[in-house]
Amino acid sequence: MGAALALGERGRGRTAPNPSVGCVLVKDDRIVGRGWTQPGGRPHGEAMAIADAGAEARGAVAYVTLEPCAHSSPRGPACADLLIQAGVARVVVAIGDPDPRTNGAGLARLAEAGIAVTSGPRAAEAERSLAGFLARIRLGRPYVTLKLAMSLDGKIALPSGESRWITGEDSRAHVHGERARADMILVGRGTYDSDRPKLDVRLPGLEPWSPRRALLTRGDGVPEWHRLGSPEEIHALKDVNDLFVEGGSGAASAFLKADLVDRMLLYRAPILIGEGKQSLGYIGLTSIAEAHRRWRLADSRMLGIDRLEVYERDRL
């Protein structure tokens, strides 16, 4: 399943509205087929793995990060049917598919065909990998990651507005990796007017993975940029699984105030700025008690001289 999860990561940011699913076929203790969802959402990971395995798929065990789909479309057959036709002996899935067109029907169809079915291995990792697709199905909107690069005292710029560069090269490279996993990247009007950011991916070999760009503004839009008048309008983004909110403080505060941030990346540089621009403005809190039990630390690591802290919204 670990190999399937790694393969599924290869398609992130390029498959929406479909999930990026990884699949591995194993026979006689060796991998005979590998696949992941292709750009545009088709073929699915299972179809790729079956094609890769060829005749070796018969009698193999399929490890899939998401329950095989049970619905056919003009773009391809249902993956549950493909696995049955390929003659696999067993299917192991990390998590079920909440899409009402599948939602248990895929596993049921496999079982009815006499294929052994197991679910649950490494489910938490699959939930994270497929968070964008799952949020779109469960919440009717993309999964939102907010990025903040700041000094130790929480500043994102000098009083003059100068902000390049607060964090070091390692942090900036990490941000570009995060951009590559997103379907769309958003900034506010202030950031656009002051920086004219390209918001592209500048990692060797990943340049084609640059996401679509969006601007949060109540004013005029920008050519070739998607315009959002408010954070709540992300519910209309039907072809976006992962939205990356990169700046600035106005956009960050607006999304936090609307409680539409699912994950935060805090890049802290070992510098003090003092008087300067705060990372956040008003986010709707009326008491300290409201601020507690909202965020769970998911990861913390050093990136060169900077520290990255990853927090996930606790919505239980």
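A charge sits over a ring if NZ of Lys or CZ of Arg is within 6 Å of the ring centre and within 35 degrees of the ring normal. With this rule in hand, select arginine 172 and tryptophan 165: the arginine lies over the face of the tryptophan, at 4.5 Å from the ring centre. Next select arginine 10, which lies over the face of tryptophan 36, at 4.6 Å from the ring centre.

The model is predicted, so local features need pLDDT of at least 70 and side-chain atom pairs count only at pLDDT 80 or more, while totals for chains, interfaces and linings use all residues. Residues are numbered from 1 along each chain as its sequence is written, and side-chain values use heavy atoms, with hydrogens and water left out.

**First stop: an aromatic pair**

The structure holds one aromatic pair. The rings of tyrosine 192 and tryptophan 225 have their centres 5.1 Å apart and their planes at 75°, so the pair is edge-to-face. Which parts of the chain does the pair link? Tyrosine 192 belongs to helix 8 (residues 189–195), and tryptophan 225 to the loop between strand 9 (212–216) and strand 10 (226–228), 33 residues apart. Helices (H or I, at least four residues) and strands (E, at least two) are DSSP runs, numbered from the N terminus. Both tyrosine 192 and tryptophan 225 are buried; buried means under 20% relative accessible area, exposed over 50%, and partly exposed in between (1.4 Å probe, protein chains only).

Select helix 2 (residues 45–53), where Gly45, Glu46, Ala49, Ile50 and Ala53 are buried. Seen down the axis of helix 2, these buried residues fall within an arc of 130°, so they line one face of the helix. The arc is that of the directions from the helix axis to the C-beta atoms. An α-helix has 3.6 residues a turn, so residues three or four places apart point the same way. The buried residues of helix 2 pack against strand 1 (22–27), strand 2 (30–36), strand 3 (61–66) and helix 3 (79–86), where contact means heavy atoms within 4.5 Å. Just after helix 2, glycine 54 takes a positive phi of about 65°.

Move on to helix 3, whose buried residues are Cys79, Ala80, Leu82, Leu83 and Ala86. They cover an arc of only 160° around the axis, which puts them on the same side of helix 3. They pack against helix 2, strand 3, strand 4 (90–95) and helix 4 (105–112). Just after helix 3, glycine 87 takes a positive phi of about 80°.

Select strand 1 and strand 2, which pair in the antiparallel sense over six bridges. Two strands pair if DSSP finds at least two bridges between them. Leucine 25 stands opposite glycine 33 in strand 2. The two strands form a hairpin with two residues between them, and aspartate 28 in the turn has a positive phi of about 55°.

Eight strands form an open sheet in the order 10-9-8-11-6-12-15-14, with mixed pairing. Strand 10 and strand 14 (295–303) stand at the edges, each with a single partner strand, so one side of each is left without a neighbour in the sheet. The twist averages 25° from one strand to the next.

Now select strand 8 (residues 184–188) and strand 11 (residues 242–247), which pair in the parallel sense over four bridges. Here methionine 184 stands opposite leucine 243 in strand 11. Helix 7 (residues 169–180) packs on the sheet, and the strands that it touches include strand 6 (143–150), strand 12 (263–268) and strand 15 (306–313). The direction of helix 7 makes about 160° with that of strand 12; axes are lines fitted to C-alpha atoms, for helices over the stretch in contact, and angles run from 0 to 180 degrees between N-to-C directions.

Is strand 12 largely enclosed or largely open? Five of its six residues are buried, so strand 12 is largely enclosed by the rest of the structure. Strand 6 and strand 12 pair in the parallel sense over six bridges, and methionine 150 stands opposite arginine 268 in strand 12. Six bridges also join strand 12 to strand 15, which run antiparallel; tyrosine 267 stands opposite leucine 308 in strand 15.

Notes
Phe/Tyr/Trp six-rings, centres within 6.5 Å; stacked < 30°, edge-to-face > 60°.
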